[in-house]
Amino acid sequence: MSGHSSYQPQSKFAKWLEARLPILSLAHGSFIAFPTPKNLNWWWTFGGILAICLVVQIATGIVLVMHYTPHADMAFDSVEGIMRDVNYGWLLRYMHANGASMFFIAVYVHMARGLYYGSYKAPREVSWILGVIIYLLMMATGFMGYVLPWGQMSFWGATVITNFFSAIPWVGDTIATWLWGGFSVGNPTLQRFFSLHYLLPFMIAGVVILHVWAFHTTGNNNPSGIEPKSDQDTVPFHPYYTMKDLLYIVFFLIFFAWFMFYIPNYLGHADNYIEANPLSTPAHIVPEWYYLPFYAILRAIPSKLGGVIAMFASILILFVVPWLDTSKVRSATFRPLYKQFFWIFIAVVIGLGYLGSKPAEGIYVTLSRIGTFWYFFHFIVILPLLGMLEKPKPLPASISEAVLGKKGGGSSPPSGSAASPENRG
Amino acid sequence: MATNATAEPTRRDFLYIATGAVGAVGVAAAAWPFVYQMNPDAAALALSTTEVDISSLEEGQSMTVNWRGKPVFIRYRTEEEIDEAKKVPLGELKDIEARNANLPDSAEATDDNRGIKGDEALLVMIGVCTHLGCVPLGQKGDYGGWFCPCHGSHYDTAGRIRKGPAPENLAIPQFTLSDKKILKIG
């Protein structure tokens with residue numbers, strides 16, 4: 001996989017193992033000696049943070065399952081039992097629930113990094129696509145996980161999402177019945193969601209391995225978007241990025257701990273502490289915050305099938321971003337127009353998220369429609385056109401020049417030199 | 001990263017070791033809940049004590065209750081059973097320890113030590129064969145006590161092992177008996 005290993009096994013055991021399974025040289029080549037661009041900024045630490053999030057979710061999930069009962073009659077009570085009776089159960093449950101939110105915060109920052117710095121552009125298209133696959137698996141996992149406590153939001157969220165499939169012409173109702181295992185969301189649905197919720201994280205782990213393999217093959221992108229030209233442009237992953245990643249992981253864990261210990265229910269919905277009642281729908285059904293932008297897009301389109309298509313399209317369009325963006329320049333650092341459209345896009349997504357939390361009435365609907373329009377406009381019109389029309393800033397000759405060139409190596413525009421990590425906006 | 005084994009420890013070395021130490025403490029603290037959560041939770045601990053009303057138990061009658069997931073034999077022994085048990089010299093017993101959680105470990109397996117002060121007829125034992133865990137059958141076997149059909153262990157009228165592969169007398173759990181004839185086990 002990684003041709004960078006200069007690893008020479010020292011001990012007898014290491015030599016014995018290397019001859020049979022070269023896992024030591026693989027680890028060394030991938031995570032110790034791996035030449036990494038020396039100018040990576042803190043946006044690049046989120047990959048490591050995401051790996052930690054996955055480990056935390058799997059570890060807490062496995063111990064929670066030791067106490068959870070995946071049956072409609074007992075699920076809610078078993079979760080309350082975890083909160084009240086199980087040793088440290090309250091901690092493990094809050095760690096898992098808030099960990100999911102943290103996972104999504106990190107993945108959105110990670111995706112934003114990719115969009116800003118052009119990490120999806122050739123030769124990294126497959127890394128990007130694998131990333132979108134991971135994101136989809138995360139969304140499925142998160143959705144099914146939220147159903148498991150069998151509260152009001154669990155049940156009604158499941159009803160709404162599974163009802164999407166009934167919008168499909170001709171086969172829609174058959175598919176919905178097949179998903180439910182019955183005529184509506186019920187125990188069969190809960191049990192199969194439990195099985196798949198346990199399965200999918202391990203699928204995610206597998207795709208993560210492919211994802212790392214892919215960007216190790218091409219090499220990491222970096223804030224300047226310029227490929228490393230010599231050894232001068234890179235540093236070994238250890239200790240520079242092991243330590244940098246570790247530091248930012250600690251910051252992230254502090255942020256995580258703040259939620260987990262002081263405001264553990266802030267990102268959740270109070271209605272989910274009410275046991276599921278199939279005969280009574282809550283006044284305002286909302287999904288978890290990380291789905292809200294897509295929820296806004298869904299409700300913006302007046303037609304049932306149209307809304308479902310728009311919502312799925314808004315996620316699936318991410319797959320083709322490498323081909324929608326025609327710019328020859330990778331990093332937004334050198335793309336003054338794209339930079340502005342990027343931040344507008346971020347604002348629109350956050351705005352759609354806010355609108356998704358509101359009732360689908362009046363001004364909220366109007367604004368959601370404008371936001372939805374802009375979302376697709378950004379991908380389908382702006383990305384292709386900008387590549388052709390934008391005049392990028394002059395690129396530095398190399399990463400080293402970009403990093404050292406603040407004092408006059410290569411043209412440094414006043415708004416911030418080439419790859420200075422702090423000046424991006 | 002070059003390491004200089006012969007030179008003075010550097011500030012970097014100190015920082016590495018200090019960070020590693022604090023990190024190790026942090027990892028241990030974070031891991032502890034994951035390990036500890038497998039201990040019995042409050043719901044399981046609540047089941048650690050069981051109360052049984054034995055006021056209706058007559059001479060020669062037995063009852064079996066579930067305590068901590070195991071059967072507990074409660075028997076109101078007959079005069080003959082009590083006399084039989086008292087007659088056995090300690091030297092004839094396979095296991096001379098009383099195995100009574102209400103007494104010190106060194107107590108011997110006399111009939112008095114197998115019962116409760118004030119009521120020598122009452123016998124309370126965990127009904128799990130000390131060999132490999134089957135539930136013995138009552139008032140069977142060569143000694144008039146209990147017989148375990150799995151591998152042929154014979155217990156006498158005080159629940160003491162006399163013949164067969166079981167190594168120990170049937171265990172007696174911690175219990176108290178109130179005036180109102182409520183037996184509180186555990």
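User: Where do the domain bounds used for this predicted model come from, and into which domains is chain B divided?
Analyst: Domain bounds come from an automatic or database domain assignment. The model itself is predicted. In chain B the assignment gives two stretches of residues, 8-39 and 46-185. The names asked for are domain 1 (8-39) and domain 2 (46-185).

User: What distance separates the centres of domain 1 and domain 2 of chain B?
Analyst: The centres are taken over C-alpha atoms. For domain 1 of chain B and domain 2 of chain B, the separation is 51 Å.

User: In which helix of chain B is the confidence highest, and in which is it lowest?
Analyst: Over chain B the mean pLDDT is 89, and 97% of the residues reach 70 or more. Where pLDDT is low, the predicted coordinates should not be read in detail. The lowest mean, 87, belongs to helix 2 (residues 42-46) of chain B, while the highest, 94, belongs to helix 1 (residues 11-36) of chain B. For the model there are also the scores ipTM 0.82 and pTM 0.87. The helices asked for are helix 1 of chain B for the highest and helix 2 of chain B for the lowest.

User: Which element gives the most residues to the lining of the second largest pocket?
Analyst: The second largest pocket has a volume of about 1200 Å³. Among its 30 lining residues, those closest to the centre are Val250(A), Leu253(A), Gly23(B), Gly26(B) and Val27(B). Two or more residues come from each of helix 3 (46-65), helix 5 (89-117) and helix 10 (237-262) of chain A, and also from helix 1 of chain B. The top contributor, with 13 residues, is helix 1 of chain B.

User: How many residues in the lining of the second largest pocket are nonpolar?
Analyst: The lining divides into nonpolar, polar and charged residues. Four of the residues are polar and one is charged. The nonpolar count is 25.

User: Which residue of strand 3 of chain B stands opposite Met63(B)?
Analyst: Strand 2 and strand 3 (residues 70-76) of chain B pair in the antiparallel sense over six bridges. Ser62(B) stands opposite Arg75(B). For Met63(B), the residue opposite is Ile74(B).

User: Which residue takes a positive phi in the hairpin of strand 2 and strand 3 of chain B?
Analyst: This hairpin has two residues between the strands. A phi near 50° is found there, and the residue that takes this value is Arg68(B).

User: Why is one side of strand 5 and of strand 8 of chain B left without a neighbour in the sheet?
Analyst: The four strands form an open sheet in the order 5-6-7-8 of chain B, with antiparallel pairing. Two bridges join strand 5 to strand 6 (residues 144-148) of chain B, and Leu137(B) has Phe147(B) as its bridge partner in strand 6. One side is left without a neighbour because strand 5 (137-138) and strand 8 (161-163) of chain B stand at the edges, each with a single partner strand.

User: Where in chain A is Pro123(A) placed?
Analyst: Pro123(A) is joined to Ala122(A) by a cis peptide bond, with omega about 0°. The place of Pro123(A) is the loop between helix 5 and helix 6 (125-147) of chain A.

User: In which helix does Pro239(A) lie?
Analyst: A cis peptide bond, with omega about 5°, joins His238(A) and Pro239(A). The helix that holds Pro239(A) is helix 10 of chain A.

Notes: Residues are numbered from 1 along each chain as its sequence is written. Chains are lettered from A and ligands numbered from 1 in the order in which they are written. This is a predicted model: local features need pLDDT of at least 70, side-chain atom pairs count only at pLDDT 80 or more; totals for chains, interfaces and linings use all residues. Side-chain values use heavy atoms; hydrogens and water are left out. Two strands pair if DSSP finds at least two bridges between them. pLDDT is the predictor's confidence in each residue, from 0 to 100. On a 1 Å grid over the protein atoms alone, a cavity is a set of points where a 1.4 Å probe fits but cannot get out, and a pocket is an open set with protein on both sides within 12 Å along at least five of seven lines; lining residues have an atom within 4 Å of a point. Grid points are joined across faces, edges and corners, and a volume is the space filled by probe spheres set on the points. Ala, Val, Leu, Ile, Met, Phe, Trp, Tyr, Cys and Pro count as nonpolar, Asp, Glu, Lys and Arg as charged, and the others, Gly among them, as polar.
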